Amino acid sequence: MATATVHPNIALVKYWGKRDRDLNLPSTGSLSMTLSDFATTTSVVFGAAQDEVMINGELATGLPASRVLKHLDLIQPDRAPARVVSTNNFPTAAGLASSSSGFAALTLAALKALNIDHTPAQASILARQGSGSASRSIWGGFVEWRRGVKKDGTDSHGLHIAPPDHWKLNMVIAVVDQGQKSVGSTEGMLRTMATSPMYSAWVSSWQKDLDGARQGILDQDLEMVGRAMEASTLKMFATMFTSSPPIRYWRPASVAIQDEVSKLRKAGINCWWTMDAGPNVKVLCEPEDAPAVADALQHHVEDVHTLGVGGHPVVEE
Ligand code: 2P0
């Protein structure tokens with residue numbers, strides 16, 4: 001039996017689209033900040049009477065259960081039946097990156113339970129095949145996920161670019177809706193790839209955003225990171241809006257919060273927004289500005305969380 005506690009990550013430069021669906025290889029590189037406080041804790045024990053998956057206290061069935069079991073098959077094809085118990089201390093599948101911490105925790109707990117020696121990059125490659133964003137949650141701090149060029153995906157994994165204590169940034173999250181999203185990320189990506197005329201522009205223009213965000217993190221230059229993050233976010237949504245049928249996770253409150261961030265910036269507060277596959281808005285700022293940002297967001301939604309940069313996974317036997 002082994003247990004892993006892993007933080008989710010939020011992409012500052014986005015992953016949206018796959019160059020290989022089976023291996024879950026991305027069409028673009030991406031870069032993320034691991035979040036503090038929010039976490040998934042997953043225990044795996046092999047040698048159970050039969051496979052069983054519990055998610056947030058309930059027996060999982062259907063696709064959520066089969067994705068977990070298929071992932072264990074990938075890690076060890078001739079495995080014994082397993083019992084998996086996974087709990088999130090934050091909303092699941094609501095655009096708060098629960099699949100990033102979920103598949104990273106499952107990977108790390110299973111590798112430990114099976115006593116399989118691995119490097120972090122090898123764990124990242126496995127986690128990637130469960131859910132792309134999970135490849136970035138194998139580390140705390142700031143992580144890049146290399147697009148890679150190899151067909152077998154061995155060069156497409158996370159790279160730790162700065163440790164958790166490198167820069168005390170805050171992400172203020174406005175929960176516009178904590179219900180489960182209407183279109184899942186995988187389905188959304190596949191639809192975008194198949195139907196959006198903007199998709200080719202997206203896959204040919206991400207490198208500049210990634211290079212800008214990486215340099216901004218290394219230099220602790222929030223404006224540089226923020227500009228790259230907003231550019232990447234808006235281009236990603238441009239591909240979704242122009243998919244057929246369109247994918248539009250935004251709600252009126254999401255847009256109102258984007259306006260609020262512009263207003264705060266005009267008032268001299270250095271803050272920048274991003275969104276993912278859901279209506280929630282995440283605002284990046286320095287800790288001294290976080291109370292003012294949180295206060296402004298609270299005019300639009302009740303549920304606001306101020307999180308810092310999260311640490312590395314913790315894995316125990
Ligand atoms: C990201 N998202 O970079 C992007 C931005 C959502 C928007 O990664 O299909 O659950 O399982 O690889 O990782 C969410 O997608 O997708 C995601 P799959 P995943 O964080």
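This is a predicted model: local features need pLDDT of at least 70, side-chain atom pairs count only at pLDDT 80 or more; totals for chains, interfaces and linings use all residues.
In β14, residue K282 is the bridge partner of I173. This pairing belongs to the contact between strand β12 (residues 170-174) and strand β14 (residues 281-285), which are joined by 5 bridges and run antiparallel.

Strands β12 and β14 are part of an open sheet of 4 strands, in which the order is β13-β14-β12-β15 and the pairing is antiparallel. The edges of this sheet are formed by β13 (271-275) and β15 (304-307); each has a single partner strand, so one side of each is left without a neighbour in the sheet. On average, and with direction ignored, neighbouring strands of the sheet are turned by 20° against each other. Helix α7 (residues 222-241) lies across β13 and β14 and runs at about 25° to β13. Helix α8 (residues 252-266) also packs on the sheet, where it touches β12, β13 and β14, and its direction makes about 160° with that of β13.

The loop between α7 and α8 contains P245. The peptide bond leading from S244 to P245 is cis, with omega near -10°. Phi of D37 is near 65°, a positive value in a residue other than glycine.

A second open sheet comprises 6 strands in the order β8-β7-β9-β6-β1-β16, and its pairing is mixed. Strand β1 (residues 2-6) pairs with β16 in the antiparallel sense over 3 bridges. Within this pairing, A4 stands opposite V315 in β16. Helix α2 (residues 98-113) packs on the sheet and touches β1, β6, β9 and β16, with a direction that makes about 35° with that of β6. Helix α1 (residues 62-75) lies across β6 (40-46), β7 (52-55) and β9 (82-88), and runs at about 125° to β7.

The protein chain is divided into domain 1 (2-167) and domain 2 (170-307). Taken over C-alpha atoms, the centres of domain 1 and domain 2 are separated by 22 Å. In the interface, 33 residues of domain 1 are in contact with 50 residues of domain 2. The size of an interface is often given as the accessible area lost when the parts come together. By this criterion, domain 1 and domain 2 bury about 3,500 Å² between them, with 71% of it on carbon and sulfur atoms. In domain 1, the residues that lose the most area to domain 2 are K14, W16 and W167, which together account for 27% of what that side buries.

A salt bridge is formed by the side chains of K14 and D276, with an N to O distance of 2.6 Å. K14 is also among the residues of domain 1 that lose the most area to domain 2. The count of residue pairs in polar contact between domain 1 and domain 2 is 10, with both residues at pLDDT 80 or more. Strands β2 (9-13), β5 (30-34), β10 (142-145) and β11 (158-162) each supply at least two residues of the side of domain 1 that touches domain 2. Strand β2 gives the most to this side, with 4 residues.

Methods:
Residues are numbered from 1 along each chain as its sequence is written. Side-chain values use heavy atoms; hydrogens and water are left out. Two strands pair if DSSP finds at least two bridges between them. Contact means heavy atoms within 4.5 Å. Axes are lines fitted to C-alpha atoms, for helices over the stretch in contact, and angles run from 0 to 180 degrees between N-to-C directions. Domain bounds come from an automatic or database domain assignment. Buried area is the accessible area (1.4 Å probe) that two parts lose on being put together, summed over both. A salt bridge is a side-chain nitrogen of Lys or Arg within 4 Å of a carboxyl oxygen of Asp or Glu. A polar contact is a pair of N or O atoms within 3.5 Å; within protein, one must be able to donate a hydrogen and the other to accept it, and residues adjacent in sequence count only if both atoms are side-chain atoms.
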